[in-house]
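Morning, everyone. Let me put the structure up, and then I'll walk you through it.

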Amino acid sequence: MRDLKASRVPESNTRWLRLRVMLLAGLFLSLLSLVFGRAVYLQVYEQDKLRGLAQDQYVRQIEIPARRGDIFDRRGTPLAQSVEVDSIWVDPSMIPELKKGARSLAKALKLNAEESDDLQNRLQRAKRFAWVKRQAKPQDVEAVKALGLPGLGFTKEPKRFYPQRELAAQVVGVVGTDRRGLEGLELAFDDELSGQNSRLSGFRDAKGRKLLVQGTLDPIEREGAAVTLTLDRHLQYVAEKALYRAVEESKAVAGTVVVLDPKTGELLALANAPGFNPNTPESLQHDTLRNRAALDTFEPGSTMKSFVVAAALEEKAIKPEDVFFCENGAWTIGRYTINDTHPHGWLAAKGILQLSSNICSAKVAQVLGREKLVSYYHAFGFAERTGLSLPGEGKGVIPFPKAEVTLATQAFGQGMTATAVQVAAGYGALANDGVLMRPYLISKVVDPDGVVLLENRPTEVRRVVSSKVARQVVGMLESVVTKEGTAPKAAMEEYRVAGKTGTAQKADPVARGYSDKRIASFVGVVPADNPRAVILVVVDEPKTDVYGGLVAAPAFKEIATAAMAHLAVPPSRALAPEVAVAPVAPPVAAKTPLTPKPSAARPVVAEQQEAGEGSVRVPDVQGQVGREAVVKLLAAALEPQLLGSGRVVSQSPAAGALVDKGARVTLELATRP
């Protein structure tokens, strides 16, 4: 009994034991509640953040830039394309010794000290991604791969390529390294050309090795729209070649050529000098990027006299036979004196244009009146933008001539400004029986799935003068290219030419007057009896001669000769049995297929093979006069190259050979003894 009492636990100890168990259980429950609460917080409230941190360890989001849309000429020849090239990037966190790795990369890429420092700074600032070199050359890619550095990556990026090099460079424009348009149509249609960038997820293991990449998207889904121009590559080449020669020979600072179809308003060529190669952006100068033909305004000078005479005839303010006294070369208006280059007596409208009298043109404007003069200038399209879809297109100004001397100077194209396209379009109205057509450069814009986003068609703006007056003025302008006129160098043996010279003083903004610098120009309509082209040549600040008939007219003739052959226009004058034809070299990449999308050129195949799509057989032109041979080859969609003059004595490739459309055919010509 005593032993049982001794073994019984005191009640106080039991209570203390129970209390300790309860406290320990409460502690464990509290800890468990905290863990559960933390898990709920992380899984519910921090879910997105944790998922992002996890993906950052093994997922890489790579932006795949869209392929920029192509730009074509009217026949489908590419002027701007995008090609896939490698760009190099790196994950700086994976390079053990960052400074040493940066130096190795700089050495492999042959960077200078400044570029090397810039690369090192970029790698140090970046955490998980940094570009090493965008749009790298193949040799640079191989040199970097040979380093074997961890964390390096290579991705394909589209790079803009201009297969025609300098051809129409100011019109097409350029893009920057970020693939955004900087100038020209590349800037004007940047949204349409750019397309839609896409992002793909790439996975890697702990060592950075790529494990899985999503399948690439359909290229059509991210490709930009294609832009087709009204420009003709061949005429553009001829225009640029003639312009460069005119600028060089006259020691001028710049020049412009516009070739326009007066019946439709299509711009067939827009040439600017000096030029540049958009494939070498590192050597570009800002002055060479400007499309002077559409953006720059200038005082057009005597080319405006045709519009003054046309307006006066239309308003019946004068008759074709009315004569005006030209004051023998000097006419005083207030404290100003208007001068002619040569003294003239009495002249009718035809003589005023033929001899380009400032004084008599001013007297015609007086008869017409201030309001009518300004009204007709506007009606011919001056002082309003033509709507070429080019950023910064010039508008020009025509101040109302309150003073008599202002009325006089505006009558011969001084004291007002215009663009080259406006002048060409105005003459297009005269050539088109008095109807002004809206000049346009963009034929159509089509997205990858074939939807037409923009399409331009010939559009009548307004009738400016009657058909009778337009033909009268064009007929008068034919006298300008005669021996007695101001531009005999523009005359053509096989075609009737109507044209007008211009020699304008350049304004001096500092002295607020006129300098001794000149702008020489010539605008011509050919053939005059059935106009197919209006060609304007402008030469800025010529040094050797300052007159349009001497500086610009020869370039007009060179371009017109090639244009008539290219457009297969029959001669409007009787031809001699044998006619010398000036050689016309084809533009760069003459063998590019004339299809909307570029394809690999096919070699000449055996004669017995049938011509497929995009192929043509070379016609036999042996023994034909050079011009006849040119017309026949152009009709077969081939590019002629003529050597010599007379009749064709040999041709290469031979007659019957199967070649790509647009291929070059060399003709050797000789005059028979």
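One term before anything else: buried means under 20% relative accessible area, exposed means over 50%, and partly exposed is in between, with a 1.4 Å probe and protein chains only. Now the ground rules. This is a predicted model, so local features need pLDDT of at least 70 and side-chain atom pairs count only at pLDDT 80 or more, while totals for chains, interfaces and linings use all residues. Residues are numbered from 1 along each chain as its sequence is written, and side-chain values use heavy atoms, with hydrogens and water left out.

Let's start with the overall picture. The protein chain has 673 residues, and 50% of them count as buried. There are 22 helices and 26 strands. Those are DSSP runs numbered from the N terminus: helices are H or I with at least four residues, strands are E with at least two. The accessible surface comes to about 32600 Å², and carbon and sulfur atoms hold 54% of it. Areas come from the Shrake-Rupley method with a 1.4 Å probe; for residues, only the protein chains shown count as cover.

Next, contacts, meaning heavy atoms within 4.5 Å. Take the contacts between residues at least 6 apart in sequence: 72% of them join residues at least 24 apart.

Now the inside. A nonpolar core is a set of buried Ala, Val, Leu, Ile, Met, Phe, Trp, Tyr and Cys residues joined through side-chain atoms within 4.5 Å. Which residues have the most contacts inside the largest core? They are Phe380 and Leu441, in a core of 129 residues. Helix α18, residues 420-431, gives this core its largest share, with nine residues. A second, separate core has 17 residues, including Val616, Val618, Ala629 and Leu667. As background, nonpolar side chains tend to be buried together in soluble globular proteins.

Look at Phe380. Setting aside neighbours within four places in sequence, Phe380 contacts Gly426, Ala429 and Leu430, among others. Leu441 turns up again beside Thr230. Beyond four places in sequence, the contacts of Thr230 include Arg74, Glu266, Tyr440 and Leu441. Thr230 sits in the loop between β8 (226-229) and α10 (233-249). Is Thr230 buried or exposed? Thr230 is buried, because its relative accessible area is 1%. A polar atom of its side chain lies 3.3 Å from the backbone oxygen of Tyr440.

On to charges. A salt bridge is a side-chain nitrogen of Lys or Arg within 4 Å of a carboxyl oxygen of Asp or Glu. The structure holds 24 of them.

Example one: Glu223 and Arg67, with the closest N and O atoms 3.4 Å apart. This pair links distant parts of the chain, 156 residues apart. Glu223 counts as buried at 18%, whereas Arg67 is partly exposed at 22%.

Example two: Asp118 and Arg122, at 3.2 Å between the closest N and O atoms. Both lie in helix α5, residues 113-125, four residues apart, or about one turn of the helix.

Glu541 is in the loop between β21 and α20 (548-551), and Lys506 is in strand β19, residues 498-508. Glu541 counts as buried because its relative accessible area is 13%. There is also a network: salt bridges with shared partners join Arg68, Arg160, Arg180, Glu186, Asp190 and Asp191.

Now some backbone details. Where are the cis peptide bonds to point at? One runs from Val526 to Pro527, with omega near -15°. Another joins Ser652 and Pro653, with omega about 0°. Pro527 lies in the loop between β20 (513-526) and β21 (533-540). Pro653 lies in the loop between β24 (647-652) and β25 (658-660).

Two residues other than glycine have positive phi. Ala383 is at about 65°, and Asp433 is near 60°. Ala383 is buried at 11%; Asp433 is partly exposed at 27%.

Last stop, the surface. Leu24, Leu27, Phe28, Leu31 and Leu34 make a nonpolar patch of about 530 Å². Patch residues have over 30% relative accessible area and no salt bridge; like charges are joined within 9 Å, nonpolar side chains (Val, Leu, Ile, Met, Phe, Trp, Tyr) within 5 Å. Leu24 lies in helix α2, residues 11-45, and is partly exposed at 46%.

Key. A polar contact is a pair of N or O atoms within 3.5 Å; within protein, one must be able to donate a hydrogen and the other to accept it, and residues adjacent in sequence count only if both atoms are side-chain atoms.
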